[in-house]
Every structure is written in C-alpha cells, then in structure tokens.
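Welcome! Take a moment to look through the model below, and then we will walk through it topic by topic.

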There are 2 protein chains.
Amino acid sequence: MKLYGAILSPFVRKTAVVLNVKGLSYEHEPSFPGSLPRTLSPLGKIPAFTDGDLSISDSSVICEYLEEKYPQVPVMPKALNDRARARWLEEFADTKMTELAGGIFFERILKPMMKLGATDEAKVNDVITNLMPPQLDYLEGQVPTDGWLFGSFGTADIALVSSFYNAGYAGFKVDAARWPKLAAFIGRVAAHPAVKKQLDAEAALMKQMASANK
Amino acid sequence: MKLYGAILSPFVRKTAVVLNVKGLSYEHEPSFPGSLPRTLSPLGKIPAFTDGDLSISDSSVICEYLEEKYPQVPVMPKALNDRARARWLEEFADTKMTELAGGIFFERILKPMMKLGATDEAKVNDVITNLMPPQLDYLEGQVPTDGWLFGSFGTADIALVSSFYNAGYAGFKVDAARWPKLAAFIGRVAAHPAVKKQLDAEAALMKQMASANK
C-alpha cells in the first residue's frame, strides 16, 4: 500500500491515523496538491492511495475502503445510526472545519511559506471571532466527556479534530473555558498512539521547515 | 422517512432516486438551502433526512445509510474495489461536476430567479470552453458503452450525471460528437424509471416556475 500526500494535510493525517490504528504497514510518498498525475488523483488532490491494482483518492473513500478490506481493527461503529452519524461528523469536519480551522493554517503558515502573499489577519480574525464559534458550539454538543465518539477510537474521532492541529500550528487554540469538552477531546485524540505517531513526525517536519526558512 | 430539500438540487435528486430504486416510500418536504433548523441540517444544506429518531444530512451519508438499512435492492456494487471506485466517482461528481455543471444552472437559472444579479455569461463560457472539457474527457473514460457503471443501477450512476440535468435546464448539452459514451450515458440514466419519475416531477415544477416568472 502506498499513501501519497503531505503529512501536514488534515486529510492525509486522517488517512495515516486510520492506517496506524489498523496496524497496516504502508509506504508514504510525500506529494503536494496538484503534483500527482491524473491516474493517481483525478482532481490533483491529496491524499491519493494505491493498494495493488486499486488506485483511489479522497480520504473518506480511502478510509471506507480500508475499513472494508481490513476490518480486523474496526474504525467505524457497528450500529447503523452511529455509522450514519460518524459519516456525517467526518463530512462536517472535512468541509466546514477544514475551511475554517484549515483556513487559519493556510493564511498564517502556508501563504508566507509558499510565497502566496501576506497573511490576511483581518480574515483570520473574522474566522476566529465570528465564523468559528457557532461551529465550536455545535461540536461541543457532539463530543463525549470521556473516551471516543462511538466506543472505540475511529475515523470520526481523528476526522473531527484533524484540522485543529493545523490551526494549532498557526497559534489557534480552542478556548477551554468556553468549549471545555471540545478542548479536552482535541487533547485526548492527540495523545492516542496512532495520532501521536503522526503529530511527532509533523513536529519534526515543522522544525525542519522553520530552520530552512531562517 | 422524510426527505427535506428542493427537488431541483442535484443532491436531493440523487437521494430521491436511491429511495425510488429501493422502492421505499417517504414524505418529501420542500426546503431551500439555509431554511432548515440546525437540528435537521447543521450546515443548512439540503438534503436533510429523518428516519424515526435518526436525523442526518449530506446526500452521500444518507445514501450510505439507506444502503445499509434497506439492502434488499442494492445501490452499491459488491466487490471492494468497485465500491471504492463507486464512492470516488460519487465524490468527484458531488464536488467538481456540481461546481461546473451546477454552476451553469446557478448562473443562468437560479441567479435571475432569486434576484441574485445578472447571469455572468463570460463565466459560463469559461466553464463550458475551458474548465469542463478535461473533466468530460475523464468521464468519457469512466462510463460504460452499455448499461451501468457496476452491473446493476446504483448511486454512482445517478450521482455521476445528476448535475448535468441541471446544466440541461440551463441550455447546456454534452457534445455527443466529442464525448459519445458520456452523452449516451446521461440519456440512458434519464430514462431509468427511478430517474424519470424525478425528472418528470422537475419538468412540472420548471413549467410552474416559468409561468410564475412571466
């Protein structure tokens, strides 16, 4: 199996964590959005993934495939209603939270790094002050006080908070006084061994990039 | 079961077709994007869906739920690689094709109808001339010469072409000389009884709207 993508992407992180949880070994090929041939990723997005003859992209599609092909350690709940809720929370995070939390990372980290212009701090402030709070209120009502969303640790847990780690690199932290359950959940997911492995690799990369930029 | 949404939405159409294929009866509650309470649709998007106590939104999440809860008439292929490909094609259509083909419908039909400003014909021309052709080339290589994508008719078939019916209302037709398999496939899907039922209801609605706008 081969996973193509940049490890700092919230979607690549989600997919790598699912592979880690399932204890599957895979090759990682560092790739940036737009760099992959159409045969690997028809829209140029990351991650892309191959398993023998199969070549797919889109993190949700890949994670569903991994769950069906390698079910020994499940990452989806069993009950149908929980499965529907898990898929919804993943979709919510992959769209809205990546737009908002991922947007902070884009403005403050990626734009300067990739010489795409100066950070638009007014935009970042609008996200933090106006756009994010209603979504954080929603998530505060979804996450559990202890443990994981649906019993054992799964795709929805990492998906829900993946882009918050990107926002964290850009100096954003969920206010634990206002959203205590969510702030604790983000910390709990970060400490899960399958996630910690990724975050440690990312920390090493962030350090390299920071010294290269000096 | 209750389906909330506007029947002209490519995503509502996809969900309704899956319900039709499975022969499930449901109530339809006409609803526009942004009109639904957060409990039904946390991002205000359509469709939203309820089945007893379960309340979910996002057409892909709803269709996966329907497949798991009501598997008697399947809308997903059985083989794992085919399932992954089916999910990918659905995702591709729900994002890129809705952006492009759905964008033509938005510019030419929704904008004037909802008094959101004049149609930007330069933008429509850019979509038709520059942005759409590489995606149509890709789809031409995906669709079958006869029958459906994966044996029996399923979610991927309607998902893949749903936004083309919207583009059709706005005067766009896939050039059958340049993309013969795709053009034939769009027509074949339209003639499937589960799809025809929806398109007939849409035609009646389009007629009503046209006479109301006079």
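In chain A, helices H6(A) and H7(A) are roughly perpendicular to each other, a label given to angles of 65 to 115 degrees, while angles under 35 count as roughly parallel, over 145 as roughly antiparallel and the rest as oblique. Their axes come within 5 Å and cross at roughly 85°. This is a predicted model, in which local features need pLDDT of at least 70, side-chain atom pairs count only at pLDDT 80 or more, and totals for chains, interfaces and linings use all residues. Residues are numbered from 1 along each chain as its sequence is written, chains are lettered from A and ligands numbered from 1 in the order in which they are written, and side-chain values use heavy atoms, with hydrogens and water left out.

**Helices that pack in chain A**

- Helix H6 covers residues 180-191 of chain A and helix H7 covers residues 193-212 of chain A; helices (H or I, at least four residues) and strands (E, at least two) are DSSP runs, numbered from the N terminus.
- Val189(A), Ala190(A) and Ala191(A) of H6(A) touch Pro193(A), Val195(A), Lys196(A) and Leu199(A) of H7(A), where contact means heavy atoms within 4.5 Å.
- Sorted by class, this contact of H6(A) with H7(A) has six nonpolar, no polar and one charged residues. Here Ala, Val, Leu, Ile, Met, Phe, Trp, Tyr, Cys and Pro count as nonpolar, Asp, Glu, Lys and Arg as charged, and the others, Gly among them, as polar.
- Two packed helices are described by the angle between their axes and the distance between the axes. Axes are lines fitted to C-alpha atoms, for helices over the stretch in contact, and angles run from 0 to 180 degrees between N-to-C directions.
- Helix H1 (residues 10-21) of chain A packs with helix H2 (residues 59-69) of chain A at an angle of about 5°, their axes being 9 Å apart. That makes H1(A) roughly parallel to H2(A).
- On the H1(A) side, the contact uses Phe11(A), Lys14(A), Thr15(A), Val18(A) and Leu19(A); on the H2(A) side are Ser59(A), Ser60(A), Ile62(A), Cys63(A) and Leu66(A).
- The residues of the contact of H1(A) with H2(A) divide into six nonpolar, three polar and one charged.

**The sheet in chain B**

- Which order do the four strands of the open sheet in chain B follow? The order is E2-E1-E3-E4, with mixed pairing; two strands pair if DSSP finds at least two bridges between them.
- Strand E2 (27-29) and E4 of chain B stand at the edges with a single partner strand each, so one side of each is left without a neighbour in the sheet.
- Neighbouring strands of this sheet are turned by 20° against each other on average, direction ignored.
- Strand E1 (residues 2-4) of chain B runs antiparallel to E3(B), joined by three bridges, and Leu3(B) has Phe49(B) as its bridge partner.
- Helix H2 (residues 59-69) of chain B packs on the sheet and touches E3 and E4 of chain B. The direction of H2 makes about 135° with that of E4(B).
- E3(B) and E4(B) form a hairpin with two residues between them, and Gly52(B) in the turn has a positive phi of about 60°.
- Thr50(B) stands opposite Ser55(B) in this pair of strands.

**Backbone details to look for**

- Most residues other than glycine have a negative phi, and most peptide bonds are trans.
- Asp58(B) is not a glycine, yet its phi is positive, about 85°; Asp58(B) lies in the loop between E4 and H2 of chain B.
- Lys115(B), also not a glycine, has a positive phi of about 50°. Lys115(B) sits in the loop between helix H3 (80-113) and helix H4 (121-140) of chain B.
- The peptide bond from Ile46(A) to Pro47(A) is cis, with omega near 0°, and Pro47(A) is in the loop between strand E2 (27-29) and E3 of chain A.
- In chain B, a cis peptide bond joins Ile46(B) and Pro47(B), with omega about 5°.

**How the two chains meet**

- A rotation of 180° with 0.0 Å of shift along its axis superposes chain B on chain A, with RMSD 0.0 Å. That is the relation of a two-fold axis. Copies are superposed by least squares on the C-alpha atoms of residues with pLDDT of at least 70 in both.
- The contact takes 25 residues from chain B and 25 residues from chain A.
- Chain B and chain A bury about 2,500 Å² between them, 64% of it on carbon and sulfur atoms. Buried area is the accessible area (1.4 Å probe) that two parts lose on being put together, summed over both.
- In chain B, Leu43(B), Glu68(B) and Trp88(B) lose the most area to chain A, together 23% of what that side buries.
- Why do the copies meet through the same surface? The reason is that 100% of the interface residues of chain B are also interface residues in chain A.
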